Amino acid sequence: MNEISFRTTLYAGTNSLDRLVELQEEKIFIVTDPFIVESGMIDHVVRRIKQHANEYCVFSDIVPDPPVEKVVAGVKEMAEFKPTSIIAIGGGSAIDAAKAMKDFAMKIYHMDAIRVIVIPTTSGTGSEVTSFSVITDNEKNIKYPLVSDTLLPDEAILDAELVKTVPKTITADTGMDVLTHAIEAYVATGANDFSDALAEKAVRLVLRYLPLAYQHGEDIEAREKMHHASTLAGMAFNLAGLGINHSIAHACGGKLHIPHGRLNTIILPYVIEYNASLTDYRQREFSEAAMKYNELAKAIGLSPTNVRSGVKGLMKEIEQLRKKLNMPSSLKECGIDYNHFQKEKGALAEAALQDGCTNTNPIVPCKEDMESIIESMY
Ligand SMILES: NC(=O)c1ccc[n+]([C@@H]2O[C@H](COP(=O)([O-])OP(=O)(O)OC[C@H]3O[C@@H](n4cnc5c(N)ncnc54)[C@H](O)[C@@H]3O)[C@@H](O)[C@H]2O)c1
Ligand SMILES: [Zn+2]
């Protein structure tokens, strides 16, 4: 039996931020990062919640790849403030931190139900509609994906105007994260017709609009399509699961400190190759994942003559997109020292193997498989 549910209410399009004007006499805990405050973007929220006697408090200490300590500090402030609602505004880091804070605050301090409203300002993680929250342990240099339905936000506001300021490199990184979510969900063990439909649409939107959003940040149509693609891909992987692309990205992100989407981009061709398990031209039987990649190739308008050319065609499209976005193709190009990488390689493979996303990969990897993929990334 598959349970298909979408619990987060979406407010999308022009004036969607006006949903906040409907909040009345609430205690609102705003979780965000310093950029959102300094750029004045937070005023879009504050101006609206001030209209109806809401009390509010701002926690703006979130940093990329939010560490446990920030979550703990936020939980303490929440316990004192006792909010009725949380508004998370920012990229995946602020959103993930807010989701974890709410969960811990309710569990540790037995607080009453707290509504979580999420306003993404990057188009990438899909965290606004997922049961995931990725928190970093800086002592162990490990990123932990927490997974629980209690992490699902109640509401998400998708206003593409907020994304127009995202710089080129972050547009590329986050956009490729969307693509990776959709492709991983498409072949994950939990994939079904519903998640496939969401993933296919997300992939088509990314291929068409990410280069435009990258080239012309002010192009509101491209920004809006990417914003929607991000949420669609989030819905897809929340239903289907992810795979070892994300396991490896979590492991490497904790240790090598490269942005999440950039890591995903470097890993993607190797994981597709691994999951597809193509051998030679005489191959007659293909893995399920290979056949799904081939389906995806057709869904994006390619006309492969067989499964092998479908997989290769899809990989070529991704490679062309990566080049258009001027993204690195290896850890070496990211400036990672070879000796440092060699020293960490084994631990990275082990951490990736233990990561929660490994369970939903279409092929069960062993440590040697992980090591070999990680080795290719250099
Ligand atoms: N919960 C999930 O389902 C999920 C899925 C994938 C990734 N993640 C996690 O999300 C995090 C990455 O999130 P992200 O890629 O959105 O980046 P981020 O939240 O770390 O933000 C990256 C940078 O972009 C800046 N920024 C945000 N909005 C901006 C705007 N509108 N204009 C200009 N700058 C802006 C931020 O201030 C920050 O400096 C990682 O920790 C990753 O592991 C979570
Ligand atoms: Zn991701």
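**View 1. Asp-149 and its salt bridge to Arg-7.** Asp-149 is partly exposed, with a relative accessible area of 46% (buried means under 20%, exposed over 50%, partly exposed in between, with a 1.4 Å probe and protein chains only). The side chain of Asp-149 forms a salt bridge with that of Arg-7, at 3.6 Å from N to O (a salt bridge is a side-chain nitrogen of Lys or Arg within 4 Å of a carboxyl oxygen of Asp or Glu). Asp-149 sits in the loop between β7 (142-147) and β8 (155-158) and Arg-7 in the segment before β1 (9-12), so the pair ties together parts 142 residues apart in sequence (helices, H or I of at least four residues, and strands, E of at least two, are DSSP runs numbered from the N terminus). Arg-7 also meets Glu-3 in a salt bridge of 3.7 Å, N to O. Arg-7 is partly exposed at 43%, and Glu-3 is exposed at 59%.

The model is predicted: local features need pLDDT of at least 70 and side-chain atom pairs pLDDT 80 or more, while totals for chains, interfaces and linings use all residues. Residues are numbered from 1 along each chain as its sequence is written, chains are lettered from A and ligands numbered from 1 in the order written, and side-chain values use heavy atoms, without hydrogens and water.

**View 2. The zinc ion (ligand 2) and its protein donors****.** The donors are Asp-177 (OD), His-181 (NE2), His-246 (NE2) and His-260 (NE2), 2.1 to 2.2 Å from the zinc ion (donors are N, O and S atoms within 2.8 Å of the metal, or 3.2 Å for Na, K and Ca; water is not among the atoms, so sites may look incomplete). The four donor atoms subtend angles of 85 to 173°, which makes the arrangement irregular (four donors are tetrahedral if all angles lie between 85 and 135 degrees; four are square planar and six octahedral if opposite donors are over 155 degrees apart and all others between 65 and 115; anything else is irregular). His-181 lies in helix α5 (residues 168-187) and His-246 in helix α8 (residues 244-256), so the pair ties together parts 65 residues apart in sequence. Both His-181 and His-246 are buried.

**View 3. Glu-350 and Lys-367****.** Their side chains meet in a salt bridge of 3.7 Å, N to O. Glu-350 is in helix α12 (residues 338-354) and Lys-367 in helix α13 (residues 367-376), 17 residues apart. Glu-350 is partly exposed at 31% relative accessibility, as is Lys-367 at 28%.
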